[in-house]
Every structure is written in C-alpha cells, then in structure tokens.
Amino acid sequence: MKNSCLILLALLTTSVSHSQKETLKFANADAPYHNVGQDSLAVKGYDVTEYFLGNTASKGSSEFQYKNQGVTYLFASEKNRSLFIENPEKYKPEFGGYCAYGLAMEVDGNGYPPGKYPVNPKTFKIIDDKLYLFYNESGYNFLKVWESNEKGNLEKANERWAIIHREK
C-alpha cells in the first residue's frame with residue numbers, strides 16, 4: 001500500500017510538472033529570433049567585440065559594419081570587424097540579444113511572464129566566454145536579480161530559449 005501511494009504521488013508530481021511546462025506562456029515568443037529594430041541593427045549599434053576585448057559597452061560606427069544572418073553589426077574599428085567576421089558565434093550575444101533574466105524569471109508581481117524582453121546594451125555580463133545582455137531601465141536592473149542565482153537563472157533561461165525556438 002505504501003509503495004502504491006509513493007508511485008501515485010510520483011505520477012501526480014510528474015504530471016503536474018509536465019503540464020506546467022506545457023502551459024507556460026512566454027512574452028513576445030513570436031518576436032524575431034534576433035533582438036533588432038526596424039533597421040536590423042544588433043545591440044542598438046554597440047560593438048559586440050568590445051564587450052570581450054575591453055569589458056566595456058562601446059558604440060560601433062556605421063563605417064565598420066558587417067551583416068550576418070540578416071542582422072547588421074557595427075564595430076569601433078576595422079580590427080574589431082575582422083575579429084567578428086572570423087568568428088561571429090564567439091561575439092554574438094546569447095538569446096538573440098534579448099534579456100537573459102527575462103527568460104529566466106517567473107511571472108512577476110505585475111503579471112509579466114518570462115520571455116523575450118528588451119535590453120540596455122550597457123548592462124551586460126560575460127559568463128564562460130559568452131555575452132549576456134540585461135534590461136536596466138526605470139529602476140529595474142535585471143543583472144542584479146540574475147546574479148542572486150546566476151547558475152539557476154542560466155539553466156532556466158537556456159531551457160526556455162530552447163522551448164521557444166524548438167520549432168523555429
């Protein structure tokens with residue numbers, strides 16, 4: 001009898017967990033894969049190589065631009081542009097340039113679900129040689145919240161990004 005109750009409890013828990021994953025709705029899930037404006041400009045014109053080279057957010061120049069997968073990247077110099085061309089996957093932001101914590105968060109107090117949210121290119125973090133960008137406006141700095149449970153948030157963001165884009 002005790003084993004039957006444990007099996008039933010395990011099945012119910014699995015069923016609830018499975019249904020929660022299936023019913024979770026994501027904000028802006030149908031937004032384009034890359035977080036770009038009407039001009040197809042990545043990271044609002046910031047040089048993605050500078051995050052790695054100087055650990056800084058620096059604007060790029062239209063003089064040094066490169067288009068990759070329909071997205072335009074701007075760079076501060078020809079050297080930076082060349083570095084990107086040699087290895088674009090190294091420099092592209094994770095999650096298409098959307099807010100990393102936006103994907104990891106639970107439904108917040110205002111009813112906003114996890115999903116694709118905008119970023120402030122000046123709010124970033126390099127983790128394991130990958131670029132993550134975060135929302136930081138109106139007193140909400142999502143990088144600070146992200147860092148309170150970075151490992152768990154990274155895991156959850158990766159899982160949710162895969163769910164959103166599994167059929168795309």
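## The S1–S2 hairpin

Start at the turn between strands S1 and S2: this hairpin leaves 2 residues between its strands, and Gln 69 takes a positive phi near 55 degrees. Keep in mind that this is a predicted model.

The two strands, with S1 covering residues 61-68, run antiparallel to each other and pair over 5 bridges.

## Tyr 73 and its ring partner

Tyr 73 also has an aromatic partner, Phe 84. Their rings sit 4.6 Å apart, centre to centre, with 35 degrees between the planes, and that makes the pair tilted. Both Tyr 73 and Phe 84 are buried.

What does this pair tie together? Tyr 73 belongs to strand S2 (residues 71-75) while Phe 84 belongs to helix H3 (residues 78-86), so the contact links parts that lie 11 residues apart in sequence.

## More aromatics

That pair is one of 13 aromatic pairs that turn up when the whole structure is searched. There's also an aromatic cluster made of Tyr 33, Phe 95, Tyr 98, Tyr 132, Phe 134, Trp 146 and Trp 161.

## The whole protein

Zooming out, you get 7 helices and 6 strands. Reading from the N terminus, the order is α-α-β-β-α-α-α-β-β-β-β-α-α.

Of the 168 residues, 39% are buried. Take the contacts with a separation of 6 or more: 56% of them involve residues 24 or more positions apart.

Terms used:
Residues are numbered from 1 along each chain as its sequence is written. This is a predicted model: local features need pLDDT of at least 70, side-chain atom pairs count only at pLDDT 80 or more; totals for chains, interfaces and linings use all residues. Side-chain values use heavy atoms; hydrogens and water are left out. Rings of Phe, Tyr and Trp (its six-membered ring) pair if their centres lie within 6.5 Å; planes under 30 degrees apart count as stacked, over 60 as edge-to-face and the rest as tilted. Helices (H or I, at least four residues) and strands (E, at least two) are DSSP runs, numbered from the N terminus. Buried means under 20% relative accessible area, exposed over 50%, partly exposed in between (1.4 Å probe, protein chains only). Two strands pair if DSSP finds at least two bridges between them. Contact means heavy atoms within 4.5 Å.
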